[in-house]
Amino acid sequence: MAYSADVIVIGAGIGGLTAAALLQERGFSTITFEKNSYPGGSCASFRHQGYTFDAGASVFYGFSGDERSGTLNLHTRIFNRLGVQVPTIPDPVQIHYHLPDGFEVPVFYEKDRFLGTLIRRFPHEEAGIRAFYQELETVYEILSALPAGSLEDIVHVIQVGARNPGKTMALALKTFKSMGKTARTYIRDEELLKFIDIESYSWAVQDAVSTPLVNAGICLADRHHGGIHYPVGGSGAIPAALCEGIKKFGGEVELNSGVEEIFLQNGRAGGVKLTNGEVFTARAVISNATVWDTFNRLVKDPRYNVPENRFLLAPSWFQLYLGVDAGIIPDGFHVHHILVDDWSQYNEIGGTIYFSAPSVLDPSLAPNSKHVVHAFVTDQVHRWNNYKRGDSAYKKAKEKFGDSVIRRTEKILPGLSDALEVKVFATPLTNQRYLNRYKGSYGPLLYPGQNILQKPQNSTPIKDLYATGDSTFPGQGVIAVTYSGVSCASYVARRLGNPLEYL
Ligand SMILES: Cc1cc2nc3c(=O)[nH]c(=O)nc-3n(C[C@H](O)[C@H](O)[C@H](O)COP(=O)(O)OP(=O)(O)OC[C@H]3O[C@@H](n4cnc5c(N)ncnc54)[C@H](O)[C@@H]3O)c2cc1C
């Protein structure tokens with residue numbers, strides 16, 4: 001049978017683009033359909049009144065030049081394989097935390113400098129601090145020694161296990177551990193344990209007890225090895241380079257092309273129908289949509305429906321995209337910040353403010369004498385469902401909530417309200433509409449106590465339908481979904497008879 005392509009990918013998020021790029025480079029023909037007019041999903045950039053804003057992500061791992069074999073430095077490895085360039089700027093501080101009672105922690109690239117800040121505040125916990133962060137280091141060392149691939153690919157798992165028996169066993173045992181419970185075996189101080197919670201919440205939107213140790217071993221250790229880098233031109237440079245790689249090897253990325261349906265034929269995924277009625281067939285279909293959108297919207301057969309509570313639904317976001325006078329950003333200001341006013345509220349809706357000013361590193365993002373500020377807080381779509389887009393009541397409610405976040409942010413950036421040239425607010429409804437994400441959610445999370453390996457892998461209950469992105473292992477974050485794209489491409493390539501070479 002003549003197919004439209006070997007593999008169809010639904011969605012040009014980082015998960016989908018990574019899978020498409022690696023398959024295309026391996027010689028499979030791919031078509032990626034993206035509903036928006038730009039690629040990248042939550043890792044896209046957009047231009048507005050002379051400013052370039054990161055739509056979502058702006059803290060990036062995986063760009064180190066370190067050529068050691070292993071699962072880390074994935075962006076560098078992938079871009080090297082594709083032969084495309086993404087120039088980046090090293091970012092000396094992962095996040096600067098501003099916490100209650102004047103507790104300030106800039107997480108420096110240099111680990112000793114970071115630990116020193118903690119030890120100065122909690123001298124009685126020095127041994128515990130060192131031991132806990134050493135646990136993360138051990139996970140990091142194991143992970144960085146293993147090649148990236150699919151845990152569903154038996155050949156890969158057997159090969160990795162046979163070549164690294166000790167490391168594989170140690171990693172398997174660590175998958176049963178939680179970050180918070182591990183911290184509690186070393187640390188007693190309640191304020192310090194709260195800091196460990198916010199370290200987890202900053203990327204996992206869960207407290208440390210609910211977060212697997214293995215995930216923490218990447219996010220909280222690699223920042224002191226590979227480090228954090230910012231792509232020149234903004235987050236959109238990453239999807240742009242992946243698209244360049246796909247096209248270089250003959251693949252297609254079709255923008256403005258929403259997929260309406262994944263149709264089934266003889267019990268397998270036969271292909272997709274676009275919203276304009278066009279039909280495309282493939283040997284395999286990969287969905288980069290969330291698990292709820294894939295199985296409750298795109299697959300029409302109700303037998304495959306996924307109830308919301310099969311996973312823990314992460315909150316959505318209220319986002320502020322601000323163009324500000326450069327004068328309010330002090331010299332030496334770090335790029336990424338997290339602000340908690342009250343520990344009892346940090347994990348409540350809107351309780352933690354995240355914000356970044358990436359033009360501090362890359363001035364090309366803002367006009368002369370200006371900076372971009374991207375701030376966001378967690379939010380829920382139900383708070384906005386009664387409003388209609390374009391209505392003045394919706395606009396008023398957005399202004400009221402957005403302005404309250406700006407006022408709180410002034411604790412760190414005094415004068416922010418008076419220094420605004422551009423102000424764009426986006427609610428969970430915006431997130432839902434732009435990204436086709438169920439309830440605008442950050443995605444499915446594991447329930448507390450679940451093992452990281454209980455996160456779905458890339459195969460699905462439907463033959464020839466695969467999944468990539470933050471609904472799949474290992475979860476949320478650009479480097480995590482990149483891993484899921486690698487593992488999805490590896491598994492699909494194996495199933496289609498031409499396995500990938502390891503990265
Ligand atoms: C506010 C915010 C801040 C963040 N900050 C960071 C950070 O600093 N660092 C970090 O590492 N991570 C961060 N993240 C997380 C990270 O951005 C995401 O986990 C990751 O980008 C998700 O990638 P994905 O491929 O799973 O899906 P998405 O980015 O959601 O991409 C899916 C794509 O599929 C398209 N699509 C969906 N349905 C269809 C359809 N039917 N037809 C066609 N196209 C479709 C969508 O339009 C979208 O482009 C942040 C996320 C948010 C929201």
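Throughout these legends, Ala, Val, Leu, Ile, Met, Phe, Trp, Tyr, Cys and Pro count as nonpolar, Asp, Glu, Lys and Arg as charged, and the others, Gly among them, as polar. The model shown is predicted: local features need pLDDT of at least 70, side-chain atom pairs count only at pLDDT 80 or more, and totals for chains, interfaces and linings use all residues. Residues are numbered from 1 along each chain as its sequence is written.

**View 1. The shell around the ligand.** By class, this shell has 17 nonpolar, 16 polar and 5 charged residues. Of the 38 residues around the ligand, the nearest are Gly11, Gly13, Gly41, Gly56 and Gly469; a residue is near a molecule if its C-beta atom, placed from the backbone, lies within 6 Å of it. The elements that give two or more residues to the shell are α1 (14–25), α11 (291–298), β14 (316–325) and α14 (478–495). Helices here are DSSP runs of H or I with at least four residues, strands are runs of E with at least two, and the numbering starts from the N terminus. Domain 1 (5–49 + 62–87 + 231–308 + 447–495) and domain 3 (312–440) both give residues to the shell, so the ligand lies between them.

**View 2. Domain 1 against domain 3.** The protein is divided into domain 1, domain 2 (111–227) and domain 3, with bounds that come from an automatic or database domain assignment. The centres of domain 1 and domain 3, taken over C-alpha atoms, are separated by 27 Å. To their contact, domain 1 brings 15 residues and domain 3 brings 14 residues, where two residues are in contact if their C-beta atoms, placed from the backbone, lie within 7 Å. On the side of domain 1 that touches domain 3 you will find 4 nonpolar, 8 polar and 3 charged residues.

**View 3. The whole fold, for orientation.** Take a step back here and the secondary structure of the protein comes to 14 helices and 20 strands. The radius of gyration is 22 Å, close to the 23 Å that the globule rule gives for 503 residues, so the protein is as compact as a globular protein of that length. That radius is taken over C-alpha atoms, and the rule is 2.2 Å times the number of residues to the power 0.38. Along its principal axes the C-alpha trace spans about 65 × 60 × 40 Å. Of the 503 residues, 52% count as buried. A residue is buried if 20 or more other C-beta atoms lie within 10 Å of its own, exposed if 12 or fewer, and partly exposed in between, with C-beta atoms placed from the backbone. Among contacts with a separation of 6 or more, 71% come from residues 24 or more positions apart.

**View 4. Val377 in strand β17.** Val377 lies in β17, which covers residues 370–379. This valine counts as buried because 24 C-beta neighbours sit inside 10 Å. Leaving aside neighbours within four places in sequence, Val377 is in contact with Phe318, Gly350, Thr352, Ile353 and Val405. Leu429 is 52 residues away from Val377 along the chain, and their C-alpha atoms are separated by 14 Å.

**View 5. Helix α7 and its packing.** In α7 (residues 179–186), the buried residues are Met179, Gly180, Thr182 and Ala183. Seen down the axis of α7, these residues fall within an arc of 160°, so they line one face of the helix; the arc is that of the directions from the helix axis to the C-beta atoms. The buried residues of α7 pack against α4 (126–143), α8 (190–204) and α9 (213–219).

**View 6. Leu500 in the segment after α14.** Look for Leu500 in the segment after α14. With 23 other C-beta atoms within 10 Å, Leu500 is buried. Beyond its neighbours within four places in sequence, Leu500 is in contact with Leu22, Arg26, Ala489, Ser490 and Ala493. Asp153 is 347 residues from Leu500 along the chain, yet the C-alpha atoms of the two are separated by 11 Å.

View 7. A cis peptide bond joins Phe473 and Pro474, with omega about 0°, and Pro474 is placed in the loop between β20 (465–467) and α14. Gln49 is not a glycine but has a positive phi of about 50°. Gln49 sits in the loop between β3 (45–48) and β4 (51–54) and counts as exposed, with 10 C-beta neighbours inside 10 Å. Asn256, again not a glycine, has a positive phi of about 55°. Asn256 belongs to the loop between β9 (252–254) and β10 (259–265) and counts as partly exposed, with 13 C-beta neighbours inside 10 Å.
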